Amino acid sequence: MNQQTQLEIEAATYRRLIHHLRKRSDVQNIDMMNLAGFCRNCLSRWYAEAAAEKGIHLEKTEAREIVYGMPYNQWVEQYQIEASPEQVAAFNKTHKR
């Protein structure tokens, strides 16, 4: 596989992941963090970091809107629910600082 084809496949995979996460607004970020060690916010940070490597500055809010498909505050209002004590405990156990 040549480098351009690999890049196109990786980009298509990323777009499919973002589309999937936008459809699965029922999946909370804390659940993703507890199971996979990353969440939508991580993806938006990685996106901004990759843009910065190309000399493109993205504000945190801009990167989040790209990943969430809407302003972050709007997503939080519409879809985010309070984390349960069990979710918080699992997060604290696996993400010790």
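## Model

The structure is a predicted model.

## Helix α1 against helix α3

Helix α1 spans residues 3–23 and helix α3 spans residues 40–53. Their axes come within 12 Å and cross at roughly 145°. The crossing of α1 past α3 is left-handed. On the α1 side the contact is formed by Tyr14, Leu17, Ile18 and Leu21, and on the α3 side by Arg40, Leu43 and Tyr47. Sorted by class, this contact has six nonpolar residues, one charged residue and no polar ones.

## Helix α3 against helix α4

Helix α4 covers residues 60–68, and α3 packs on α4 at an angle of about 120° with the axes 8 Å apart. This angle makes α3 oblique to α4. The crossing of α3 past α4 is right-handed.

From α3, the contact draws on Arg40, Asn41, Leu43, Ser44, Tyr47 and Ala48; from α4, on Ala63, Arg64, Ile66, Val67 and Tyr68. Seven residues of the α3 contact with α4 are nonpolar, two are polar and two are charged.

In soluble globular proteins, nonpolar side chains tend to be buried together. In this model the largest nonpolar core contains ten residues: Ile18, Leu21, Ile30, Met32, Met33, Cys39, Cys42, Leu43, Val67 and Phe91. At least two core residues come from each of α1, α2 (29–36) and α3. The largest share, three residues, is supplied by α2.

Leaving aside residues up to four places away in sequence, Cys39 touches Asn29, Met32 and Met33.

Notes. Residues numbered from 1 in each chain as written. Predicted model: local features only at pLDDT ≥ 70, side-chain atom pairs only at ≥ 80, totals over all residues. Heavy atoms only, no water. Axes fitted to C-alpha atoms, helices over the stretch in contact; angles between N-to-C directions. Helix = DSSP H or I, 4+ residues; strand = E, 2+ residues; numbered from the N terminus. Left-handed = near helix turned anticlockwise from the far one by under 90°. Contact = heavy atoms within 4.5 Å. Nonpolar A, V, L, I, M, F, W, Y, C, P; charged D, E, K, R; others polar. Core = buried A, V, L, I, M, F, W, Y, C linked by side-chain atoms within 4.5 Å. Buried < 20%, exposed > 50% of the residue type's maximum accessible area, 1.4 Å probe, protein only. Parallel < 35°, antiparallel > 145°, perpendicular 65-115°, else oblique.
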